[in-house]
Amino acid sequence: MNLAIAKDQIIHGLQAVQNVVSTRTTLPILSNVLLRAEENMLELTATDLDVTVSCSVEAAVKKVGSTTVPVKKVYSLISALTNPEIEFEVDDKNACSIRAGSSFYKINGLAAEEFPPIQKFKENKKITLPQEKLKSMLKKTSFAISTDESRYVLNGIFISLKDHKMTMVATDGRRLALVDEEVELGDTTGEFIVPTKAVNELSRLLSDKGEVEIKFTENQVAFALKNEKGASILIISKLVEGNYPNYRQVIPAETKERIPLVREEFLAALKRAEIMTSDKANSVKLHFTKNNLAITANSPEVGEARESIAVNYKGKEFAIAFNPAYMIDPLNALSCDEVYLELIDELSPGVLKTNAPFLYVVMPMRLS
Amino acid sequence: MNSARTILHLDMDAFYASVEQRDHPELRGKPVIVGSPPTQRGVVCAASYEARKFGVRSAMPSVTAGRLCPKGIFVYPRMSHYREESKQIFQVLQHTGAAIEPMSIDEAYMDVSEIVSSLSSGDALEYADALALGRQIRERIFTERKLTASVGISSNKFLSKLASDFCKPNGLTVVPERDKVLFLRPMPVRAIHGIGKVSEQVLHAAGIFTIGDLQDFPGDLRKFVGSFGATLKQFAFGEDTRPIETSWEAKSISSEETFDRDTEDRPTLCATLKRQASEITEELKEKKLGAYTVQIKIRYGDFTTLTRQISVEEPLTEANEIYRLSCFLLAREKLVNRPLRLLGVGVSGLGEAMTRQLSLPFESMGGAK
């Protein structure tokens, strides 16, 4: 393998892939990035065996070939080099020579054959949609993913493809976010759970232009896209095994009160009130009276908060307590001007809706 | 100096065994061992002084105790009974009006500085009032509960604890300020709370055997015991500024069980975990607490003991959640790969459950693998 590459190209490639490399790996090869030189192109790949990310960037390849080098070392070195162009040459012992201007380095690598092979996907389960749409759907749901490792089926986003729609659901057992959008599915249908790590990588790498192609099998999913710099990116992930809980059963069928709120005003008031909460008193109270919403927080050791918002409310006086973070998260993820808060009573789930197909169910807190 | 304190440490004598001897006159004067019988597995919870003469100690396997003390009378522990007894004793202590820090079911520190008029140090009558109070408490416990307690009195917790232990059972020891350094001198370093087997070995290797050796040691103790060095030096001279913590809260709640026969039978293990989880939950409810951490403890037939824990974002208050997490911990690392001798569950990270986050009404939450 022998090639010359622009510094910004290889830095871009390394930044795309190196995030998945685990710092605590028992297999040395997993600390390495796979470099594969083909005609006019260098493909970089990193994996933790669960999630694999590849990125192809432009390069002047003199001799095709492949090798692996420790990704942290090579990234530290290349970002510290000042020459705009870098030459790579790998010998048959996987020693990688790096030349840039008057600098010369040799990094010891491992054979490309030792790198875990990348799975191939069949063409039958495949859909294509705008990257912007997928990115926005992930943003509106990913905050509700559970971090409780004992509930592993909730450690990801559930994706369902049917009836011309893509539905995404995330829940941690206390709140649930759901979004569905019309997508050209063709004959493809399916359901799968994409693990948190893949969701994070995908959210980071998706751009606002172009399309993303999703392929999936029984136990894997692949996302192929071109990012804003024109580099081809492929993210392959294992799927979370197991059955996602029946989320429809926790969505309240009807509501008593539907209160329109100005999203930014409601959000700002909650963020201020949250400052007055503490570990022991981590709730905010929403107190509805005629045409008014009072948001209060009170913790003996910190102090108290009181916010007042004019709302269109005609129902009877009523108060409900929530963990403020569970209200702030969806309001932050949304970009619309108006949201609707639907409530039944102080112990029943609250529902946040928008004019777009988005739904957020959140359980209140019981005050003793 | 108005910062001088008078601290009293009270420790019941062989508590469980004494309760049994009181309730069963035929056991009096006999070597009573509270715990599983030696034919079964399990450990000694407490031993009467008659049994201790044979070398029987609490936490020792019952088999060993039976071998050391063949005439020992084994009695099954009655925990709820002891807890009830403990309540009665603490009521006696509360009557004094002192600030109380309960250390366990049968042990407490009391700050009696406000009650007794501690005279200036050096006076022969130092702690005279405290001594009278100590006597009074011991007498009251004996008259009302027919049990004996040992009491230690000094200017701090460290000394008072050593003092109560000094002439156990049924003793009362006062350590005046001017005698404290001499009082400590002959004691083995192991007597210091915080010096365990490992630190003891390290100190012995350095030629330090008694607290006197610690007092005389000219160098820095940190090279032996790390950051404990400074405190250790203070303890060696009978100095201890730790306050009485009346707002004492349970730091953990646990339940464990030694099986009659080593077992890896899933239904047995699940039933045990379920029972332990509900025991813990009862106590949590009683104390209005929630727990952020669940820990499991297992012991294999060869006495290899492992613990594993998991922390959660929302405080746990329900038995089924504690049970579910216990099962998860066992399953995560496939710990039940051979029969277990002991299985236990504990919760820690306890906090007041003032507000409770409700859960979405899922029927099943994507069960275990």
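Start by selecting Tyr244(A), which is buried, with a relative accessible area of 11% (buried means under 20% relative accessible area, with a 1.4 Å probe and protein chains only). This is a predicted model, where local features need pLDDT of at least 70, side-chain atom pairs count only at pLDDT 80 or more, and totals for chains, interfaces and linings use all residues. Residues are numbered from 1 along each chain as its sequence is written, chains are lettered from A and ligands numbered from 1 in the order in which they are written, and side-chain values use heavy atoms, leaving out hydrogens and water.

Rings of Phe, Tyr and Trp (its six-membered ring) pair if their centres lie within 6.5 Å; planes under 30 degrees apart count as stacked, over 60 as edge-to-face and the rest as tilted. Both Phe288(A) and Tyr313(A) are buried.

Now return to Tyr244(A) and select Phe158(A) and Tyr247(A) with it: ring pairs link these residues into a cluster. Phe158(A) is buried too, at 6% relative accessibility.

For the last stops, look for a charge over a ring (NZ of Lys or CZ of Arg within 6 Å of the ring centre and within 35 degrees of the ring normal). Select Arg258(A) to find it over the face of Tyr340(A), 4.1 Å from the ring centre. Then move to chain B, where Arg338(B) lies over the face of Tyr300(B), at 3.7 Å from the ring centre.

Methods
Buried means under 20% relative accessible area, exposed over 50%, partly exposed in between (1.4 Å probe, protein chains only).
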